[in-house]
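Please view the sequence and the structure together before reading the points below.

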Amino acid sequence: MSHDHDHDHDAHHDHDHSHDTHGGTATMASRLAALVSQLEAKGVVTEAQIDQGVEAFLAHAQPANGAALVARAWTDPAFAARLAADANAALDELGSDMTHWVKVKLRAVTNTEAVHNVIVCTLCSCYPVSLLGPSPSWYKSLAYRARVVREPRAVLAEFGVELAPDVQVRVWDSTAELRYVVVPRRPAGTDGMSERELAALVSRDALIGTAIC
Amino acid sequence: MQRFAVGDAVRTRAARPEGHTRLPRYLERRVGHVEAVYGAFPLADERAEGAASEPQALYCVVFDGAEVWGTSAASLPMTISADLWDSYLDPEQA
């Protein structure tokens, strides 16, 4: 039960439907309230248990997790290769915090001199909450979702990301079971930095692809 | 069911006009190529309706920006990658 619960719990958060294409938040809130009251009435779960679960999950779901992943990839080329090949296995290497995380399939896409990656969910708002924390409201907005697949350079420029004309933009639309995270390029002049110092340089938006770092 | 392999050219079908699907409308009837095979997953279209779903192959399909939006798009060079189930796809002559 606990594994199933964790999975469904994360699925809810990584696949958040409380946004503007499904009838408005008031409708969604009232549906959710009805569902919770039925679950309580049938003795499946209490509201307090749900709150505890959400709090426990969010306590571990922070952009620092994604930043730590990136810093390790920057300092350990073999890890970077494993991360690119199997992100879930690479995550498991990072330590005990991962045990709380849910087993959604994750793929890390790496920026290079020639390629800039950016993630979106055009159909709803799929997002790697475990690694990045709760998603920003713009990520769930219709404008971002519609535009970043059509004119990513213009959208990125509005975020302050200016790309050379020959850089290939790769947009990753999270249409199914996978969640994506971007591995930004390591900034110049950071050769002497520790892994911890490097992690502090990595922003949430860089992990989405809407910032350089 | 896994009909395609990495490198295969595929064409998306029309998105379902009714009911749930995870094939975005902007990617229907577009040609791309399979970049990765992620394994078998229950089909979202069936799962959303509470139907039993035989897991089917899920692919990472890469589309060129020009194929999706036309050659005049100012954002080129760009690609769009989407994760699509086997039954969303038809083979395309490479």
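This is a predicted model: local features need pLDDT of at least 70, side-chain atom pairs count only at pLDDT 80 or more; totals for chains, interfaces and linings use all residues.

Which side chain of chain B meets Arg170(A) in a salt bridge? The side chain is that of Glu35(B), with an N to O distance of 3.7 Å.

**Salt bridges and polar contacts**

- Polar contacts across the interface of chain A and chain B number 19 residue pairs, with both residues at pLDDT 80 or more.

**Make-up of the chain A side**

- Four elements of chain A each give two or more residues to the side that touches chain B: β1 (105-110), α10 (152-158), β3 (168-173) and β4 (178-183).
- Of these, β3(A) provides the largest share, six residues.
- By residue class, the side of chain A that touches chain B has 14 nonpolar, five polar and nine charged residues.

**Extent of the interface**

- In terms of contacts, 28 residues of chain A face 27 residues of chain B.
- The size of an interface is often given as the accessible area lost when the parts come together.
- For chain A and chain B the buried area is about 2,200 Å², and carbon and sulfur atoms give 49% of this area.
- On the side of chain A, the residues that lose the most area to chain B are Arg150(A), Thr175(A) and Glu177(A), which together make up 24% of what that side buries.

**The sheet across the two chains**

- An open sheet of seven strands has the order β2(A)-β3(A)-β4(B)-β3(B)-β2(B)-β1(B)-β5(B), and its pairing is mixed.
- The edges are β2 (115-120) of chain A and β5 (89-91) of chain B; each has a single partner strand, so one side of each lacks a neighbour in the sheet.
- Averaged over the sheet, neighbouring strands are turned by 35° against each other, direction ignored.
- The chains are linked within the sheet where β3(A) runs parallel to β4 (residues 78-85) of chain B, joined by five bridges.
- In that pairing, Val171(A) has Ile80(B) as its bridge partner, and Trp172(A) has Ser81(B).
- In a regular strand the side chains alternate between the two faces of the sheet.

**Pairing within chain B**

- Strand β2(B) runs antiparallel to β3 (residues 56-64) of chain B, and seven bridges join them.
- One residue pair there is Phe41(B) with its bridge partner Gln56(B) in β3(B).
- Strand β2(B) also runs antiparallel to β1(B), through three bridges.
- Ala9(B) stands opposite His33(B), a residue of β2(B).

**Backbone features in chain B**

- Most residues other than glycine have a negative phi, and most peptide bonds are trans.
- Arg29(B), which is not a glycine, has a positive phi of about 55°.
- Arg29(B) sits in the loop between β1 (9-12) and β2 (31-41) of chain B.
- The peptide bond from Leu76(B) to Pro77(B) is cis, with omega near 0°.
- Pro77(B) belongs to the loop between α2 (65-69) and β4 of chain B.

Conventions. Residues are numbered from 1 along each chain as its sequence is written. Chains are lettered from A and ligands numbered from 1 in the order in which they are written. Side-chain values use heavy atoms; hydrogens and water are left out. Contact means heavy atoms within 4.5 Å. Buried area is the accessible area (1.4 Å probe) that two parts lose on being put together, summed over both. A salt bridge is a side-chain nitrogen of Lys or Arg within 4 Å of a carboxyl oxygen of Asp or Glu. A polar contact is a pair of N or O atoms within 3.5 Å; within protein, one must be able to donate a hydrogen and the other to accept it, and residues adjacent in sequence count only if both atoms are side-chain atoms. Ala, Val, Leu, Ile, Met, Phe, Trp, Tyr, Cys and Pro count as nonpolar, Asp, Glu, Lys and Arg as charged, and the others, Gly among them, as polar. Two strands pair if DSSP finds at least two bridges between them. Axes are lines fitted to C-alpha atoms, for helices over the stretch in contact, and angles run from 0 to 180 degrees between N-to-C directions.
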